[in-house]
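Visitor: I should like to understand the terms applied to this model and the grounds for each of them. Please set each value against its definition.

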Amino acid sequence: MNWWLLAFGVLLVGGLGPGLWLALRGPAAHRLVGLELTGSVAALAMMLWCQAIGQASFLIVPVVLVLLSFAGTLVFTRLLGPHR
Amino acid sequence: MTAIIAGVLVGLGTLITVLAAVAAVRAGDVYVRVHCLTVVTSVGSPLIGVGLIVVNGFGFTGASVLLVVLLQAVGGPLLGAATGRVNAQRDGVIGSGSPE
């Protein structure tokens, strides 16, 4: 195991775990914070995973994830807003 | 030497990200949680990204990492503001049409 895999594992447990916990508890609008945290940490973990296995071409996955996570969260903020 | 610098940067970024995530869980208020979240995209992500660029150099890998970091640095505060606005509207702190 190299240091990149160790950092990947730490992010997976210490970052993704709390994100999932926040996304599963509380009112819908409060869960958005968990959704954002999960998306951000998942992209970072994927970058470290690509470095650990030495596959630079896989870096397109976190790039797409960041874009989709941003758009998806904005859609949720729109849907969860008060009805006019 | 390069590997050591990259390791320190990535380790620091990982530590800050994990601490921010744990702080977000421990925070009782959703607005405080949003603040904890922006630490990840504004500090943790750039540190990890710079560490990866230091070890890989600025080629395809470095450009991809830089793109992810920039998108997170720009998008994180925007999402934080949008989330705070939705919660403030639902809590009745601001009106449904705010800002007008």
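Guide: A residue is buried if 20 or more other C-beta atoms, placed from the backbone, lie within 10 Å of its own, exposed if 12 or fewer, and partly exposed in between. By that rule, 44% of the 84 residues of chain A count as buried. This is a predicted model, in which local features need pLDDT of at least 70 and side-chain atom pairs count only at pLDDT 80 or more, while totals for chains, interfaces and linings use all residues. Residues are numbered from 1 along each chain as its sequence is written, and chains are lettered from A and ligands numbered from 1 in the order in which they are written.

Visitor: What makes B:Leu79 count as buried?

Guide: B:Leu79 counts as buried because it has 26 C-beta neighbours inside 10 Å, and the rule asks for 20 or more. B:Leu79 belongs to helix H3 of chain B. Leaving out residues up to four places away in sequence, B:Leu79 touches A:Glu36, A:Phe70 and A:Thr73. Within its own chain, its C-alpha atom is separated by 9.1 Å from that of B:Thr38, 41 residues apart along the chain.

Visitor: Why is A:Leu5 given the class it has, with 14 C-beta neighbours inside 10 Å?

Guide: A:Leu5 is partly exposed because its 14 neighbours fall between the limits of 12 and 20. A:Leu5 is placed in helix H1 of chain A. From A:Leu5 to A:Gly17, 12 residues apart in sequence, the C-alpha to C-alpha separation is 17 Å.

Visitor: Which pattern does chain A follow along the sequence?

Guide: The pattern is α-α-α, with three helices and zero strands. Helices (H or I, at least four residues) and strands (E, at least two) are DSSP runs, numbered from the N terminus. The C-alpha trace of chain A spans about 50 × 25 × 10 Å along its principal axes.

Visitor: How do you know that the span of H1(B) agrees with its number of residues?

Guide: The expected span of a helix is 1.5 Å times one less than its number of residues. For the 25 residues of H1(B), residues 2-26, this gives 36 Å, and the end C-alpha atoms are 36 Å apart, so the two agree. Buried residues of H1(B) include B:Leu9, B:Val10 and B:Val18. Among the elements that cover the buried residues of H1(B) are H1 and H2 of chain A.

Visitor: Why are H2(A) and H3(A) called roughly antiparallel?

Guide: Axes are lines fitted to C-alpha atoms, for helices over the stretch in contact, and angles run from 0 to 180 degrees between N-to-C directions. Angles under 35 degrees count as roughly parallel, over 145 as roughly antiparallel, 65 to 115 as roughly perpendicular and the rest as oblique. H2(A) and H3(A) pack at about 175°, with their axes 9 Å apart, and are therefore roughly antiparallel. Their contact divides into 11 nonpolar, four polar and one charged residue. Here Ala, Val, Leu, Ile, Met, Phe, Trp, Tyr, Cys and Pro count as nonpolar, Asp, Glu, Lys and Arg as charged, and the others, Gly among them, as polar.

Visitor: How are H2(A) and H3(B) oriented?

Guide: The axes of H2(A), residues 28-53, and H3(B), residues 60-91, come within 9 Å and cross at roughly 175°. That makes H2(A) roughly antiparallel to H3(B). The residues of this contact are nine nonpolar, six polar and two charged.

Visitor: What makes two residues count as in contact, and how many residues of chain A are in contact with chain B?

Guide: Two residues are in contact if their C-beta atoms, placed from the backbone, lie within 7 Å. On that basis, 36 residues of chain A are in contact with 37 residues of chain B. H2(A) gives the most to the side of chain A that touches chain B, with 12 residues. That side has 25 nonpolar, nine polar and two charged residues.

Visitor: What makes a set of residues a nonpolar core?

Guide: A nonpolar core is a set of buried Ala, Val, Leu, Ile, Met, Phe, Trp, Tyr and Cys residues joined through C-beta atoms within 7 Å. The largest has 47 residues, and A:Ala45, A:Met47 and A:Leu48 have the most contacts inside it. H1, H2 and H3 of chain A and H1, H2 and H3 of chain B each supply at least two residues of this core. The largest share, 15 residues, comes from H2(A). Apart from neighbours within four places in sequence, A:Leu48 is in contact with A:Trp4, A:Ala7, A:Phe8 and A:Leu11.
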